[in-house]
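Here's a quick tour of a structure with several chains. Have the sequence and the 3D view open while you read.

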Amino acid sequence: MSTAFPSFIDRRTVVDWLGIAPFMIFALMFLIVPTLYLVMGAFFTPDGDLTFNNIADLFTPSILSAYWISIRVSIASALGGAVIGFFLAWAIVLGGLPGWIRSSLLTFSGVASNFAGVPLAFSFLATLGRTGLVTVLLRDWLGFNLYGTGFNILSFFGLTITYMFFQIPLMVLILTPALDGMKKEWREASEILGASTWQYWRMVALPILWPSLMGTTLLLFANAFGAIATAYALTGSSLNIVPILLYAQIRGDVLHNANLGYALALGMIVITGISNVLYILLRMRAERWQK
Amino acid sequence: MKTSKILAWASLAVGLIYFFVPLIGTLEFSLRMRRGAYSLDAYSTVFSDIQFRSTFGFSMLMALFTIIFGMLLVVPTAYWVRLRLPQMRPVVEFITLLPLVIPAIVIVFGYLRLYNSSSFIPFTGSTQGTNVLLVLSYMTLSLPYMYRSVDTAMRAIDVRTLTEAAEILGAKWPTILFRCIFPNVMSGVLSGAFITFAIVMGEFTMAALLNRPAFGPYLQLIGANRAYEPAALAVIAFAITWLSMGLLQLVSRFSKTAPLRP
Amino acid sequence: MSFLVLNNIKKSFGQTQVVKDFDMSIEKGEFVSFLGPSGCGKTTVLRMIAGFETPSDGTISISGKDQNRLKTNQRNIGMVFQAYALFPNMTVADNVAFGLKVAGKPKAEIDTRVKEMLKLISLEHLAERYPYQMSGGQQQRVALARALAPKPQVLLLDEPLSALDAKIRVSLREEIRQIQRQLGITTVFVTHDQEEALSISDRIVVMNAGRADQIGTPFEIYNRPATRFVASFVGTLNIIEATVVDPAANTVRMGDNVVTLRDSIGAMKSGDKVSVALRPEAGSMSDTAKGDTTITGAVISSHFLGSVIRTKIDIGGNPVSFDTFNAPDVVQPQPGETLSLRFMASDLLLVRD
């Protein structure tokens, strides 16, 4: 190719770059500039002076607690989703279940991982709400008062198990290929070298799967952290998580400082960004091994 | 061997309970509207609601525009990157993944600040402008899925050879793109379209913050004010998701059985 | 009592019987190859020795001890797999140490043994590498060291060379044989490559459709194939369809030629069909060559292959190849000309179908 270091732009190069110009303009206008605008805004006062006060103001108790609840819900639903999802993926790949179960479960996971937002909240309300099916059945059949235990679907715990509905299938979808990559020979080699099943999992399988497991859990974390619709429909604004706080801020400037809103958004980007970058790094590491 | 099989079935049972109990609960709840008997009253109320029809139609229209304009943006780009700018692939792929990293609420927050009625490009200054911005925001949201499915389809057909063959036969580039490339990546386009459809139909954040009468905000409104209709709506939404994903599976299975390469 | 005894082994998967009545006794320190095409059951037999599969019937014993009840991880067997199967998360040293670690050996002992093993395969300098940083040949040597580290009673090699380049394949098989001799370990080697089996083994089992067609030394297998399958699978023997002329005199007809066999035809009558094998290097065109039998046929083709000239002649509808060593005065036969091939009657082998 003659286009390595053009002294002056030749025609072909111009045409080449023009080809992706629409995409680049779109990405700049509707993805990058709006995000950068907020990121920059986080470091300025409404009058345009540079400041770190907005960032510092994030560390006030009410905002910190919003981040803290968000992080807890995200961690809890990511871990719960990861554990159950892992066992499910393991069951369909290595558990020796009939083949049709695998394909049905994968199809279903494709649907369920996309069934989020407002309708998901309705489903869990109809199931575990005060008059939901499970609540009623527990009361009528077993005489067990679910809400008497302090359980509430409109709470941290309720939100967590609702999020797990899309976290579990997402884990299944991402982890199944990783489990498929586990070679049968590794297991056989460890067995014939005298290792027990437990030793195989502890010394071979889990160390190999670790980057995938860790990475996917981080992805689930980011997935839950940015989600708002389910939480908003489920709890209204009674549960003070970051996306809902940001939503309220956009709607009515509840923080009374637009630039503090930018800082709130920046905080979200930083948290989801870090977990995604770690996910990509861990994934690269996992792929290196599974070649 | 025995214990692992028991564990496998047990895991499956836990998974099935988790998946199916809420669905059964929702279905049961949606039938409870009439006192003392199961009925479809909730559904008939929903379907006869004028707002249901208008918001549903609005979201369908938005989904349609999103798919059309999204594909017009994504297919040529993916094609061009494969053909002429392979060195830009990592950059373009990184950009297409950004919407998974940046939460939707943050993106729309940026729009509201950048494109409000007093800015250089006042999208939100008019209803039509806001609708355009909504479609653009949906395109952003679905970018990761659209780009991935189209790019995968392109890898399978080897666009470079196809293009060179068409060029030798004297085809001009619009002909190449619309007559040779688009039809051959149709399976990818359709997969992307179905997933986009599922995303747009249920989307809440963008539409609510841009104040458009879409299906997502309508769902939220009903949820806040009614008892049984939300469950019926959840069942309908789930059916839409199933339909989109089912069609997606069908398309991808169909394209897999078609002999792509000898 | 032999060291490794397979007694009347059968194995079925569902309706299909992949191993039928397999009997074999292997002596301590012996190197035995299972040779056969894919699907002949050789790998299944190996996997039953390893304990990955349970025989449907029959017993396997090592050093007089019945193995059927033992799990794989209790058998103390070493195995090398076709696809290396090194643990990707461990260094070379950790891979080799694995068997010793799970056996709970003290660290000092493990370290010494790992060093010893890496020295054996001459890869001491790569101890801290990961598998993905090494070539296929190096990985397979590590796999061998890993299998040998816990001092197994038997070493199983499941087509360990078939994923490697031709050149490395030859050098590694020599290395394997040399290490096996040095350690005196009883070894079972599965392969579909006859050259590999011939060059490396003390004895070869040629397997066909779940049965052992012939068990013998490489020399016996190559020179005295017992069945038509063995004759065609091992080497490049010619198989000639012949008709019995006189069973009492051991004469058969092939094309226009009537020849006398050394093997007894046995209970056959005149007119029966038999298969006769002839090695390509057994015959000669020269009238003065050693031999007591001559057959004549038309030349089909003749190819110059460098050190030899391979000529094919037609004997009663059977193409018969034979090789002539290249020499300055040699005349290459032309297609269509009639040619006589001279050899010893003892080179003609009667083979079972």
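Predicted model: local features only at pLDDT ≥ 70, side-chain atom pairs only at ≥ 80, totals over all residues.

**Who touches whom**

- Two pairs of chains touch, and the most contacts are between chains A and B.
- Chain B and chain C do not touch, and their nearest C-alpha atoms are 11 Å apart.

**Chain B against chain A**

- Here 65 residues of chain B are in contact with 60 residues of chain A.
- On the chain B side, helix α1 (residues 2-30) of chain B gives the most, with 17 residues.
- Sorted by class, the side of chain B that touches chain A has 45 nonpolar, 16 polar and four charged residues.

**Chain C against chain A**

- In this pair, 18 residues of chain C are in contact with 19 residues of chain A.
- Both β6 (77-80) and α2 (92-102) of chain C supply at least two residues each to the side that touches chain A.
- The most comes from α2(C), with three residues.
- How do the residues on that side of chain C divide by class? There are 14 nonpolar, four polar and no charged ones.

**A look at chain C itself**

- Its C-alpha atoms fill a box of roughly 75 × 50 × 35 Å, taken along the principal axes.
- Chain C has 353 residues, and 41% of them count as buried.
- Take the contacts in chain C between residues at least 6 apart in sequence: 66% of these join residues at least 24 apart.
- Strand β6(C) has I77(C) and M79(C) pointing one way and G78(C) and V80(C) pointing the other way, and all are buried.
- Strand β7 (residues 154-158) of chain C pairs with β6(C) in the parallel sense, over four bridges.
- Look for M79(C) in the view: its bridge partner in β7(C) is L156(C).

**Helices packing on α6 in chain B**

- Helix α4 (residues 89-101) of chain B packs against helix α6 (residues 127-157) of chain B at an angle of about 130°, with the axes 8 Å apart.
- That angle makes α4(B) oblique to α6(B), and their crossing is left-handed.
- From α4(B), the contact uses T96(B), L97(B), P99(B) and L100(B), while α6(B) brings T140(B), L141(B), L143(B), P144(B) and Y147(B).
- By class, this contact has seven nonpolar, two polar and no charged residues.
- Helix α3 (residues 50-83) of chain B also packs with α6(B), at an angle of about 45° and with the axes 8 Å apart.
- This angle makes α3(B) oblique to α6(B), and α3(B) passes α6(B) in a right-handed crossing.
- Among the residues making this contact are F65(B), F69(B) and R82(B) of α3(B), along with Y138(B), Y147(B) and D151(B) of α6(B).
- The contact of α3(B) with α6(B) has 17 nonpolar, three polar and two charged residues.

**A helix tucked inside chain B**

- Why is helix α11 (residues 215-225) of chain B described as largely enclosed by the rest of the structure? Because eight of its 11 residues are buried.
- The buried residues in α11(B) are F215(B), G216(B), P217(B), Y218(B), L219(B), Q220(B), I222(B) and G223(B).

Conventions: Residues numbered from 1 in each chain as written. Chains lettered and ligands numbered in written order. Axes fitted to C-alpha atoms, helices over the stretch in contact; angles between N-to-C directions. Parallel < 35°, antiparallel > 145°, perpendicular 65-115°, else oblique. Left-handed = near helix turned anticlockwise from the far one by under 90°. Contact = placed C-beta atoms within 7 Å. Nonpolar A, V, L, I, M, F, W, Y, C, P; charged D, E, K, R; others polar. Buried ≥ 20, exposed ≤ 12 C-beta atoms within 10 Å, placed from the backbone. Pairing = 2+ DSSP bridges.
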